[in-house]
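This briefing sets out what can be read from a structural model, topic by topic. Please keep the sequence and the structure in view while reading.

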Amino acid sequence: MPDAVATRRRGRVYVTKSVAPYLFLLPFMALFVAFLIAPLCYAFGLSLFKTTMVAGTQFVGAANYLKVFTDPSFWDGVVLLFKFGLMQIPIMLGLALLYALILDSGRVYGRNFFRIAFFIPYAVPSVIAALLWGYLYGPSFGPFGQLAEFFHLPKPQFLLDGTILGSIANIAVWEFMGYNLIIYFAALQAIPQDLEEASSVDGATGLQYALRIKLPLIMPTVIVTIIFSIIGTLQLFSEPYLMRNLAPGIINSHYTPNFYAYTLAFTNQQYNYSAAVSFVLGGVVAVVSYVFMLLANRRAA
Amino acid sequence: MEKDSKRMTLDRRQFMQAAGAGLAATAVAGLPFAAAAQDKVELLLWAWTPDTQVQADMFTKKYPNISVKVENVGQGGPHYVKLRNAIQAGTGLPDLAQMEFNSIPSFKQLGVLADLGAAANPVKDQFIDWTWKAVSDGDKVYGIPWDSGPMGLLYRNDVFEKNKIEVPGTWDAYSEASLKLATDAPGTYMSNFGVSDAGWVAAVLWQAGWRPFHTEGTNITIKLNDDIAKKWAAYWQKLVDAKAVDTKPMWTTEWFAALDDGVHASWVTAAWAPVLMQNSMKKSVGLWRAAPMPQWTAGGTVTSNWGGSTFAAMTTTPHPEEAALFATFMGSDPEAAALWNSKQFLFPVLKSLIDDKALMGAPNAFYGGQAVNEIFVVSENQVDPSFEFAPFQDFVNQTMQDEMSASIAGSGTLGDAFDRLQDKVVAYATDQGYTVS
């Protein structure tokens with residue numbers, strides 16, 4: 001009898017041990033499956049069909065994907081976002097890094113104030129940010145236009161063909177610089193104090209310490225923020241969507257790939273094709289992020 | 001109507017498939033749905049006009065067993081996106097929805113618009129003819145007209161007088177006035193060429209005789225870039241090239257300010273615009289006037305419509321009879337309809353209100369005491385009813401906005417934009433399974 005009890009108890013302990021982690025994981029997995037995996041599968045299923053207004057629904061296999069690969073409306077948007085990213089990401093992260101190093105140097109008064117001040121734009125929803133900047137950019141209503149008028153200068157045109165991408169990039173920099181700054185700042189704070197002492201003993205200046213010691217130490221963080229920024233850039237949607245009202249001639253309904261997917265699904269009723277566009281965009285994001293990781297790792301190695 | 005008989009049969013078949021035959025038989029006008037109203041019923045309506053709940057409550061007062069809840073899910077685009085999503089999802093549709101005239105064919109094509117004929121046909125004669133034609137197909141009625149937007153011309157009397165401009169009766173005179181104003185008063189424009197609103201483009205082309213679509217079942221004729229469109233494009237291209245019209249995107253703060261500041265001296269617009277202007281503008285009180293829409297031939301009497309909406313019931317509603325009753329009430333009950341015009345400022349579609357001298361002849365201080373509605377009353381009776389929208393009008397509008405705005409921003413001429421539009425719309429229609437001719 002005692003043996004049997006012991007065995008059973010041991011057995012129960014064994015089972016519990018192996019099941020417990022899954023029980024703990026269950027809430028997460030349930031939500032993960034319900035809200036990520038299932039919609040993805042559904043969207044993927046959608047992308048294999050073609051529903052038309054009067055010719056019914058057919059299974060078309062990869063036809064929607066083949067169409068995306070030759071669709072200029074999609075690739076124009078991707079190219080535009082590459083241009084956008086090449087301009088916006090270095091400026092945004094460069095500024096974030098600069099300010100983080102300055103704040104971390106300990107030579108600034110009101111460090112906490114600046115930290116919060118830089119971060120506040122990130123707390124503003126991007127819809128509000130786009131509306132706000134849309135107002136600021138307005139040629140006769142916006143303050144820049146009014147200032148120019150006051151001084152009898154030509155009005156700055158923020159919403160024309162050559163300038164609008166920069167104007168949108170400016171909004172993105174304003175919004176996300178503070179967020180990256182906080183990440184860098186946290187990484188810098190984690191650097192042990194004795195490194196600074198050691199470097200000053202070795203005769204390094206503050207600037208040398210920042211650039212030669214701190215910067216390499218937080219490089220992994222920088223790489224991560226670059227990847228986040230690439231992903232964010234390729235998903236650009238709300239800023240052009242909202243600024244379309246102000247510049248409909250330049251921001252068309254397929255200005256960015258996400259905007260294109262939105263138009264396809266909700267205006268054109270091409271849900272299937274829209275799903276395919278979304279998956280290809282996901283593929284582009286994955287490839288670009290992966291290529292960047294490879295390059296970064298190779299340089300580090 | 002005879003020539004439409006083929007289309008009617010096809011539509012009836014499609015309609016029956018989608019809707020079931022439940023609606024057709026029940027109603028008797030005058031004694032509507034005595035049986036149906038025995039149980040308490042709640043209807044859900046999606047509408048964007050303010051204070052719609054007030055009229056809905058008037059209905060409940062008359063039919064105590066039917067209460068109606070009004071939800072505003074957004075105006076224009078967002079409203080239709082939500083409807084489409086609910087249709088696609090197969091759940092979540094309201095019982096009724098507000099629907100613009102140009103969206104009726106699209107949603108009819110989706111098979112979600114219930115036939116309100118049984119309840120509505122008895123009141124058909126109360127409505128302005130073109131509005132009824134726009135919502136009906138023979139005896140089938142897919143929405144009850146509610147407000148309309150017959151076109152006219154609003155202009156700045158002060159700017160016209162200062163620059164000695166006569167009110168243009170024809171489009172030729174309008175063009176001359178535009179060129180004159182651009183020379184005499186640089187920085188002031190006769191008008192803003194509002195291609196960023198495809199509804200406006202369709203309305204002014206409608207008047208010019210443009211009939212881009214004719215749908216019969218799965219056959220569709222598409223003539224977006226015909227001679228009428230090209231002539232119209234050339235007319236405006238000349239003014240754009242001469243910088244004699246402004247090309248601001250419409251509905252922006254900048255655009256409203258330009259009207260208020262006298263930068264734009266006139267606006268060819270719809271009957272709902274006078275009150276909209278009056279409510280949005282501070283500086284130009286008393287300076288505006290209304291005149292008939294400019295004509296393509298001197299002495300012509302052709303106008304068109306821009307905007308306006310209807311009430312439509314969804315085939316998915318579990319209470320089709322009550323929904324039909326409600327929609328009919330909202331459109332045709334004299335008290336409720338009068339409220340649209342006096343409180344919500346919508347331009348009516350009921351003959352009795354259009355002919356109401358006290359309502360339509362009231363002087364308006366914003367327009368220097370002019371009874372502006374009288375201008376639009378005349379226009380309402382001149383709207384050419386033969387215009388047809390596409391069963392995929394949202395796609396057409398979006399593409400039109402893209403292409404025409406692009407040409408204004410420098411990519412080719414307006415005529416080129418119509419060619420690109422034609423190609424894209426034909427490709428889309430073919431892709432959707434239509435036989436295009």
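Buried residues make up 32% of the 301 residues in chain A; a residue is buried if 20 or more other C-beta atoms, placed from the backbone, lie within 10 Å of its own, exposed if 12 or fewer, and partly exposed in between. In chain B, 50% of the 437 residues count as buried. The model is predicted: local features need pLDDT of at least 70, side-chain atom pairs count only at pLDDT 80 or more, and totals for chains, interfaces and linings use all residues. Residues are numbered from 1 along each chain as its sequence is written, while chains are lettered from A and ligands numbered from 1 in the order in which they are written.

**Confidence**

- The model has an ipTM of 0.83 and a pTM of 0.85.
- Chain B has a mean pLDDT of 87, and 90% of its residues reach 70 or more; pLDDT is the predictor's confidence in each residue, from 0 to 100.
- Residues 1-37 of chain B have pLDDT below 50, and this stretch has 48 contacts in the model beyond near neighbours in sequence; two residues are in contact if their C-beta atoms, placed from the backbone, lie within 7 Å.
- Where pLDDT is low, the predicted coordinates should not be read in detail.

**Chain A**

- Chain A contains 13 helices and 2 strands; these are DSSP runs numbered from the N terminus, with helices (H or I) of at least four residues and strands (E) of at least two.
- The radius of gyration of chain A is 26 Å, whereas a compact globule of 301 residues would have one near 19 Å; the radius is taken over C-alpha atoms, and the globule rule is 2.2 Å times the number of residues to the power 0.38.
- Along the principal axes, the C-alpha atoms of chain A fill a box of roughly 100 × 80 × 35 Å.
- Of the contacts in chain A with a separation of 6 or more, 66% are between residues 24 or more positions apart.

**A helix pair in chain A**

- Helix 3 (residues 72-104) and helix 7 (residues 164-189) of chain A have axes that come within 7 Å and cross at roughly 40°; axes are lines fitted to C-alpha atoms, for helices over the stretch in contact, and angles run from 0 to 180 degrees between N-to-C directions.
- The contact of helix 3 with helix 7 of chain A involves 21 nonpolar, 3 polar and 2 charged residues; Ala, Val, Leu, Ile, Met, Phe, Trp, Tyr, Cys and Pro count as nonpolar, Asp, Glu, Lys and Arg as charged, and the others, Gly among them, as polar.

**Chain B**

- Chain B contains 19 helices and 12 strands.
- Its radius of gyration is 22 Å, close to the 22 Å of the globule rule for 437 residues, so chain B is as compact as a globular protein of that length.
- Gly308(B) is located in strand 11 (residues 305-313) of chain B, and Gly308(B) is buried because 23 C-beta neighbours lie inside 10 Å.
- Lys164(B) lies in the loop between helix 7 (157-162) and helix 8 (171-184) of chain B, and Lys164(B) is exposed because it has 8 C-beta neighbours inside 10 Å.

**The interface**

- In the interface, 23 residues of chain A are in contact with 27 residues of chain B.
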